[in-house]
Amino acid sequence: MKPHKQIKDWGLGLTTPLIIAGPCSAETPEQIEQICKEMKEENMVPQLFRAGIWKPRTRPGSFEGVGEEGLKWMEIVRHHLNIPITTEVGNASHVEIALKHKVDVLWIGARTTVNPFAVQEIAEALRGVDIPVMVKNPMNPDLELWMGALERMYAVGIEKLAAIHRGFSDAYDKRFRNKPNWSMPIHLKRQWTGMEVINDPSHIVGRRDGLLEVAQSAMNFGLDGLMIETHHDPDKAWSDAKQQVTPARLKEMINSIDFKESLEAMQPDEKLQDLRRAVDHLDDQLLDILQERFAVIDQIGAHKREHHLSVFQSDRWKDVMESRTQKGVAKHLSEKFMKELLYCIHEESVKRQEKQLREGEALKK
Ligand code: PEP
Ligand code: MN
């Protein structure tokens, strides 16, 4: 879509899969130093060090971050690990302070992405500044808000962009702290060609167990990196204690993840090319069948118009839905997929027929 600069072109020596690690929050200089030391000892130095300085807390009264002082401690990271650092900014004053302390990469948090006023304020503070910005998905599964925040950054000249997938809050599904909704990051990648998405399993799972599974899924789906909250003494962390892991555990996790190759980076082999050709052919057939199906739908529409029948006939719909779902399930297609497919086809059919009825009305006038 837009020619933004990918992670490898940010001028920071970063590559994908990008591994970002560090504590949820910077707490004390000693804490930062200990995390860095353990990362070094474990030979588990991430490419980018994260630490929250201003913490957007859902309820007041919890730890709200150490503020500007914490940015001075980032020198400790540079000294021990010699890697770039990233922190969250939530308003124009955060931006100003982060730039003053030469933070290498900024990120926008989920609670900020939901608010176009706040995102625009940050964008204005960044106008003309050359710094990479990562935008976390909004709390709610709204792709437009996520895209919108990235576009607001792009519009003020921020070309070094990436997205972070941290999951979406859900009032009922408590398996996750924030439900992954994998179709969202995938859809973002479809809509904005080349947009890299870093997965944040820590905020998705909200607990230490289960992080690995989500991180592996992210790699299987073809996301471009991981942001994992890491603390030398997770249980005593001042924020998000349940989900942080030690540098030793981080190393274990990273070593056991199967990082998939990105197909874009390599030439597909013969076998894959053959299989893709087969899919192309089947898709052509699928489209021919759909074309034929809608031609029949239009004939039914004409008949309904002639006989003064309404478009939606609930008994017929119920029958179509149930019988096709059953047949699909027998062919090993999931029930959810069958229902979504049928809704989609049915919606299009209803719209076409309703248009026919309207045109019929217009003719009468
Ligand atoms: C964080 O990264 O610590 C954080 C507050 O994340 P989110 O905006 O995803 O809740
Ligand atoms: Mn956190």
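Modeller: An oxygen atom of ligand 1 lies 2.6 Å from an N or O atom in the side chain of Arg-166, which is a polar contact (a pair of N or O atoms within 3.5 Å). The protein covers 97% of the 300 Å² of accessible area that ligand 1 has on its own, the areas coming from the Shrake-Rupley method with a 1.4 Å probe. This is a predicted model, in which local features need pLDDT of at least 70 and side-chain atom pairs count only at pLDDT 80 or more, while totals for chains, interfaces and linings use all residues. Residues are numbered from 1 along each chain as its sequence is written, ligands are numbered from 1 in the order in which they are written, and side-chain values use heavy atoms, without hydrogens and water.

Oxygen atoms of ligand 1 also lie 2.8 Å from an N or O atom in the side chain of Lys-136 and 3.2 Å from one in the side chain of Glu-229. Among the residues around ligand 1 are also Arg-50, Glu-88 and His-203, where being near requires a heavy atom within 4 Å. By class, this shell has three nonpolar, two polar and seven charged residues; Asp, Glu, Lys and Arg count as charged, and Gly is among the polar ones.

Arg-50 has Thr-86 in S3 as its bridge partner. Two bridges join the parallel strands S2 (residues 48-50) and S3 (residues 85-88); strands are DSSP runs of E with at least two residues, and two of them pair if DSSP finds at least two bridges between them.

Note on methods:
Polar contact = N/O pair within 3.5 Å; in protein donor to acceptor, adjacent residues only side chain to side chain. Helix = DSSP H or I, 4+ residues; strand = E, 2+ residues; numbered from the N terminus.
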